[in-house]
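This report describes one protein chain for a reader who has the sequence and the coordinates at hand. It begins with the chain as a whole and then takes up individual parts in turn.

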Amino acid sequence: LSVSLSPWLSRPGPHSRLPLFQTPCRAVLQNGVVTQARGSAYIEMGQTKVTAACYGPRDHLRTREYSAQGKLDCVFKFAPFACRTRRAHQQDAEEKELSAVLEQALAPSLMLHKYPKSVISVFVTVVEDDGSALAAAITCASVGLAEAGIEMFDFVSGATVGWAEQRFFYDATAHEEETADALLTIAFMPSLGEISSIFQTGQLPAERQAEAVDQAVGGCNQTRNIQVLSLQHLVDADASA
C-alpha cells in the first residue's frame with residue numbers, strides 16, 4: 001500500500017524562510033517493498049528516497065549467554081549513487097554513527113523483553129539523499145518493524161528542523177543542510193508523547209533549543225498519520241479474518 005500526504009511541510013525554494021508549517025511538502029510511504037524481508041518500507045520525502053528491510057527475531061548466535069532482553073541491530077547505509085559524491089561500499093564513520101542513532105531512536109519503541117536471546121535486524125538504505133535522510137530512515141524503519149509483526153509500544157516518527165538566518169525551517173534539502181547553522185533531528189513516539197532520540201549538528205542558540213524541539217515534534221505528529229495509513233490495510237485484513 002502506498003500513501004501520500006501533503007501536510008504543512010516545506011518551502012518553495014532554498015532558504016525562502018517562510019514560517020514553519022506554512023507550505024506543503026509531499027511525502028510518500030509504501031510498505032512491503034522488499035519481498036525477502038519479514039517487514040519493509042519505502043519512503044520519499046521530497047527528493048530523498050529511503051528503504052528499510054527488517055528481519056527476525058532470530059536467535060542471537062554471537063553469544064551463548066542467556067539474555068532476557070532482545071537486541072536491535074541497525075545498519076544505515078547510503079547507496080553508492082545516493083549523494084553528489086560517490087559513497088564507498090563499506091560503511092564509513094558517518095554511516096556507523098547514523099546506525100547507532102537509528103538504533104537509539106527505534107529501540108525504546110520495541111517490546112524487546114518479549115524476544116529473549118533474539119536479535120532483530122534493520123537495514124536502511126538511502127537510495128537518494130536530498131536532505132533529512134535520518135528523519136526519513138527513522139520513519140521508514142518504524143513502519144517496516146510494524147509490518148514485520150514486531151511488538152511495539154508505539155511508532156517512531158522522525159523530523160528534522162534546521163536553523164539559519166535566525167529562522168527555523170523544516171525538511172532541509174541537501175543544499176540547505178550544507179548552509180544551515182544547525183540541524184536538529186528528533187525521533188518521537190506520538191502516542192506516548194516521548195522523545196527517543198535527539199541528534200544535533202551545528203550551533204543552535206540555547207534559548208531556541210526548546211522551540212526547535214517543539215517544531216520537530218509537530219512534524220513528527222503529522223508524519224505519524226502516513227505511518228498509520230500505510231499499515232491500515234493490515235489492520236483491516238486482521239479484522240475481516
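## The chain as a whole

The model is a predicted one, and its secondary structure comes to 5 helices and 10 strands. Of the 241 residues of the chain, 52% count as buried.

Strand S7, which covers residues 157-164, is mostly covered, since 8 of its 8 residues are buried. Ser157, Ala159, Val161 and Trp163 point one way from the strand, whereas Gly158, Thr160, Gly162 and Ala164 point the other way, and the residues of both sets are all buried.

S7 is joined by 7 bridges to strand S9 (residues 182-189), and these two strands run antiparallel. S7 also pairs with strand S8 (residues 167-170) in the antiparallel sense, in this case over 4 bridges. Val161 can be followed into both partners: its bridge partner in S9 is Leu184, and in S8 it stands opposite Tyr170.

## The hairpin turn and other backbone features

Most residues other than glycine have a negative phi, and most peptide bonds are trans. Against that background, several places in this chain deserve a careful look at the backbone.

S7 and S8 form a hairpin with 2 residues between them, and in the turn Glu165 has a positive phi of about 55°. Gln166, which is placed in the loop between S7 and S8, likewise has a positive phi, of about 65°, although it is not a glycine. The side of Gln166 that solvent can reach is described by a relative accessible area of 58%, and the residue is exposed.

Lys117 lies in the loop between H1 and S6, and it has a positive phi of about 50° although it is not a glycine. With a relative accessible area of 30%, Lys117 is partly exposed. A further feature of the backbone is the cis peptide bond that joins Gly56 and Pro57, with omega at about 5°; Pro57 has its place in strand S4.

## Aromatic pairs

A pair of aromatic rings is described by the distance of the centres and the angle of the planes. The count for this model comes to 3 aromatic pairs. One of them is formed by Tyr55 and Phe123, whose rings are 5.8 Å apart from centre to centre, with 75° between the planes, an edge-to-face arrangement. Tyr55 lies in strand S4 (residues 48-59) and Phe123 in strand S6 (residues 118-128), so this pair ties together parts that are 68 residues apart in sequence. Tyr55 counts as partly exposed at 29% relative accessibility, and Phe123 counts as partly exposed at 36%.

What is the arrangement of the rings of Phe76 and Phe78? Their centres are 5.3 Å apart and their planes stand at 75°, so this pair is edge-to-face, given that angles over 60 degrees are classed in that way. Phe76 counts as buried at 0% relative accessibility, and Phe78 is buried as well, with a relative accessible area of 3%.

## The largest pocket

The pocket is lined by 25 residues, and the closest to its centre are Phe78, Glu94, Asp129, Gly131 and Glu177. At least two residues of the lining are supplied by each of helix H1 (93-106), helix H2 (133-147), helix H3 (174-179), S9 and strand S10 (194-202). Divided by class, the lining has 10 nonpolar, 6 polar and 9 charged residues.

Where in the chain is Ser132 found? Ser132 is in the loop between S6 and H2, and at 3% relative accessibility it counts as buried, the cut-off for that class being under 20%.

When residues up to four places away in sequence are not counted, Ser132 touches Thr160, Asp171, Ala172 and Glu177. Two of these names have come up already: Thr160 is one of the buried residues of S7, and Glu177 is among the residues closest to the centre of the largest pocket.

Definitions and conventions
Residues numbered from 1 in each chain as written. Predicted model: local features only at pLDDT ≥ 70, side-chain atom pairs only at ≥ 80, totals over all residues. Heavy atoms only, no water. Phe/Tyr/Trp six-rings, centres within 6.5 Å; stacked < 30°, edge-to-face > 60°. Buried < 20%, exposed > 50% of the residue type's maximum accessible area, 1.4 Å probe, protein only. Pairing = 2+ DSSP bridges. 1 Å grid on protein atoms, 1.4 Å probe; cavity = no way out; pocket = protein on both sides within 12 Å on 5 of 7 lines; lining within 4 Å. Nonpolar A, V, L, I, M, F, W, Y, C, P; charged D, E, K, R; others polar. Contact = heavy atoms within 4.5 Å.
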